[in-house]
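The sequence and model come before the text.

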Amino acid sequence: MTNKKTSDGKRNFLSIFYEELSRSSLTIIVLSVISGFVMGGILVILTAPEVYKAFGTSFVSGLSTSWNIVAKTYSSLFLGAIGNPARIAEALGSGDRALILKAFTPFLESLVVTTPYLFTGVAVAMGFRAGLFNIGAEGQVLVGAIAAGWAGWSFTGLSPWIHVPLAMLIGALAGGLWGFVPGFLKVKTGAHEVITTIMMNYVAYYLIYYLIAAPLRDPNEVTPKTPWVLESAHLFRFFPDPIRFHFGFFIALMVAILAWYILFKTTWGYELRTVGLNPNASRYAGMNITVVTIAAMALSGAIAGMAGASEILGVTWRQSQALATGYGFDSIALALLAQNHPLGVILTALLFGFLRSGSRVMQLSAGTPVYIINILQAFIILFIAAPAIIRTIFRLKQPAAKEAPLPISLSEKKS
Amino acid sequence: MKSSTKNQNWITKVLDPARLRQWLPGVLFILVGIFIKLVLNEAVEADALTTFTTNINKTSIQIPNFVFNTRFGLDLISGLCAGIGIYQILRGFKNKLTMIIAVMGILVVFGFLVWGASGTSLSFTGMLAVMVIRSVPITIGALAGILCERAGIINIAIEGMMIAGAFAGAVVGSIFNLWAGILAAIMIGALLALVHAVLSIKYKVDQIISGTMINIFSTGLTSYLYIKFLQDTENQWLNESGFFRPMPIPGLAKIPVIGPIFFDHNLYIYAMYILVAILTIALFKTKWGLRHRSVGEYPKAADTLGVNVFRTRYLACLLSGMVAGFAGSYFSLGSVGRFEQTMTAGRGFIALAAMIFGKWNPLGALQAGMLFGFAESLTTKLSLLNFPIPAEVLLMLPYIITIIVLAGVVGRSRGPAAAGSAYEKESL
């Protein structure tokens, strides 16, 4: 409060720091995540019968039960995602390789879950940058997986150096096709990509359900499943068997960095971002909106397709009919949280990967359903999309320039 | 750069929308006719008979079943298809093309039915009755979309409001009674709509982001509560609401074929008819409707003339949420009598497509809803016949139809001009 009164020369370091912090969008992001967790905690308390019972006996015991339940939920989430710090320290102390690996298993498993998030997050962010809302990442992941898997088991006698890139490429192409269709339809007919991509998700779902049920089914299996991906198409795994950490993680990192380079260091990326920000201005500037939009959507689909490819080549090695992955839908919140920046996606993908990986342990040990993660995501989207809410709650300063709720607007642009 | 623009020109010439719309459908129609003649007709015996069962219950007056020679029926259909196609290429149906495509669709489906039911019988009336039932959530959902978008707010959260409505309806319906369940569904829809309204009107959040957030939230929350509470066997009483029984309308239900199809259902089907009628009159025949639509088309002008843009939009959102919540309660209280995870299965999005297909018009939405309902009933019925197309491929049908519809193959439909943009009052 006193900052305002003091003149510019006399402000101390702390107040300047506070002011800068207050205006930075990074603060909003961090506070959004924290607020999301707080809201999730409140929900956990509200839906716990034991809390109401405890409040019945006394107010203090009610409070302590609430605290215990939230602490148990989030600590088991943490333990499931990262592992037990005590055990990690003990294993490192003992120096036994097997023990160390065992202690780090949850951490490495979280990186395995992070991998598809990296791809889909970059894919959705890429779409957002071009002013396109790609809700179809889910379907693109599925077709990418089945196409890469098909390449993985039907091409025999290839060296891994050829087979793996080939299978990844075919997965990316399939995903790209799934992204191309909505992009093409948007430009040529004006069909809004939000609905067409959702419809493409369902088409992908039933198509793959059918493919696994009949043409691509492994005849030796009782339940519908595809054949195994050949060994030559497996993505390299770094550790012995129970640990599934594979080379796909690094491919995903490279894709994220490459996407950053394309978006921010090339002319084409500049065009893509301009079209996303203001299609009319870019049309006047002589940019080919048709090509940019279609290419952006296809590229977005291709990256999402690689997520499916890396899953089937690195983790599952085959596909059953249990299809819904959820990666595509989660990556909407993920990309928004990263402010649609590919390098930011690396951080948020790690966050979401660890959350998802830890949530399984949480459901088992604390009895909190994994869907708490979806609710967290919804709140995070809410706070990111409406920073005014966060500013009001935490009494932050208004930013110097009038900020748009989001760097882009997705709703139909009228010319 | 040069070659790409050249390429561009070539593509635009061939795909020039005006020309494309003239000849492409015509060629397609003729091809369909040839396909029916050559493939379907050849695949059946010359003396095979097709039977369409006409009576599904004893409520209506009983009439004899409809029996005819399969080949004769298929010849008739393929001839009609080819005739329509030739007329389209030579003269063009112009703005009636939408209707003609619908007719073509019906002919093709009819052809497949005639062929599939060759040698056996198919309950034709039953299939259409299922169509009406399945169209309910889609049509009512589309009405919710119309209410919102006519006032300039895109409501992509219908799916989320529906699943919340289904959940609230099932749980409250189990604790109290079915009517309380409906009320709860309406309230929860209104609550979510209020969030959407505050975000998109007050905080000017992009309406699609706001809607997506609500979808993620309510899918997550209902799944969370379902796993936490409703899965336990001791809590089963919380998820046993039961459902509304059919109430045949006296008199009308007695008409053969028509009666069982349209007038022998439960409350939700009649509510759909009534809502379509109310909304049509309210939007297009009242002062309220004129103001409502003006806010969606040109809010600045409406504001200048003294219409309260913000209040109109809030009200539109709330009404839309209530209608969407009611549509959601159909899934639990109107059909299966309990809640299941993700039981809406994307119907909220199909409802949006129905809204667009129906050109933001309640009657159009009803027709589009019936179309999607028919696609759904087709998939359930065809799996019973000896049909060579796998069920999974048929299940794609509603979604592919939606994409085709959205792509404007059946004529471009334009939404309210101001939909999607937040209104900002100019400050002096």
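## Model and confidence

The structure is a predicted model. The predictor assigns the complex an ipTM of 0.81 and a pTM of 0.83. For chain B, the mean pLDDT is 83, and 90% of its residues reach 70 or more. Where pLDDT is low, the predicted coordinates should not be read in detail.

## The sheet of chain B

Chain B has an open sheet of three strands in the order β2-β1-β3, with mixed pairing. Because β2 and β3 of chain B stand at the edges with a single partner strand each, one side of each is left without a neighbour in the sheet. From one strand to the next, the twist averages 20°. Helix α3 (residues 70-90) of chain B packs on this sheet and touches β1 and β2 of chain B, and its direction makes about 85° with that of β2(B).

The mixed pairing can be followed strand by strand. Strand β1 (residues 49-53) of chain B runs antiparallel to strand β2 (residues 66-69) of chain B, and four bridges join them. In this pair, T51(B) stands opposite V67(B) of β2(B). With strand β3 (residues 121-123) of chain B, β1(B) pairs in the parallel sense over three bridges. Here T53(B) has S123(B) in β3(B) as its bridge partner.

## Helix α5 of chain B

Helix α5(B) lies across β1 and β3 of chain B and runs at about 30° to β3(B). Another partner of this helix, which spans residues 124-149, is helix α14 (residues 347-357) of chain B: the two axes come within 7 Å and cross at roughly 65°. The crossing of α5(B) and α14(B) is right-handed. On the α5(B) side the contact is made by P137(B), I138(B), T139(B), G141(B), A142(B), G145(B) and I146(B), and on the α14(B) side by R347(B), G348(B), I350(B), A351(B), L352(B), A354(B) and M355(B). Sorted by class, this contact of α5(B) with α14(B) has nine nonpolar, four polar and one charged residues.

## Buried helices

In helix α11 (residues 287-297) of chain B, the residues H292(B), S294(B), V295(B) and G296(B) are buried. The cover over the buried residues of α11(B) includes α5, α10 (267-285), α12 (299-304) and α13 (309-336) of chain B.

How many residues of helix α14 (residues 327-337) of chain A are buried? Eleven of the eleven are, so this helix is largely enclosed by the rest of the structure. Among the buried residues of α14(A) are Y327(A), F329(A), D330(A) and S331(A). Just after α14(A), Q339(A) takes a positive phi of about 55°.

## Contact between the chains

The contact takes 45 residues from chain B and 44 residues from chain A. On the side of chain B that touches chain A, the elements that give two or more residues are α8 (207-230), α14, α16 (391-395) and α17 (397-406) of chain B. The largest share of that side, 16 residues, comes from α8(B). By class, the side of chain B that touches chain A has 28 nonpolar, twelve polar and five charged residues.

Notes
Residues numbered from 1 in each chain as written. Chains lettered and ligands numbered in written order. Predicted model: local features only at pLDDT ≥ 70, side-chain atom pairs only at ≥ 80, totals over all residues. Axes fitted to C-alpha atoms, helices over the stretch in contact; angles between N-to-C directions. Left-handed = near helix turned anticlockwise from the far one by under 90°. Contact = placed C-beta atoms within 7 Å. Nonpolar A, V, L, I, M, F, W, Y, C, P; charged D, E, K, R; others polar. Pairing = 2+ DSSP bridges. Buried ≥ 20, exposed ≤ 12 C-beta atoms within 10 Å, placed from the backbone. pLDDT = per-residue confidence, 0-100.
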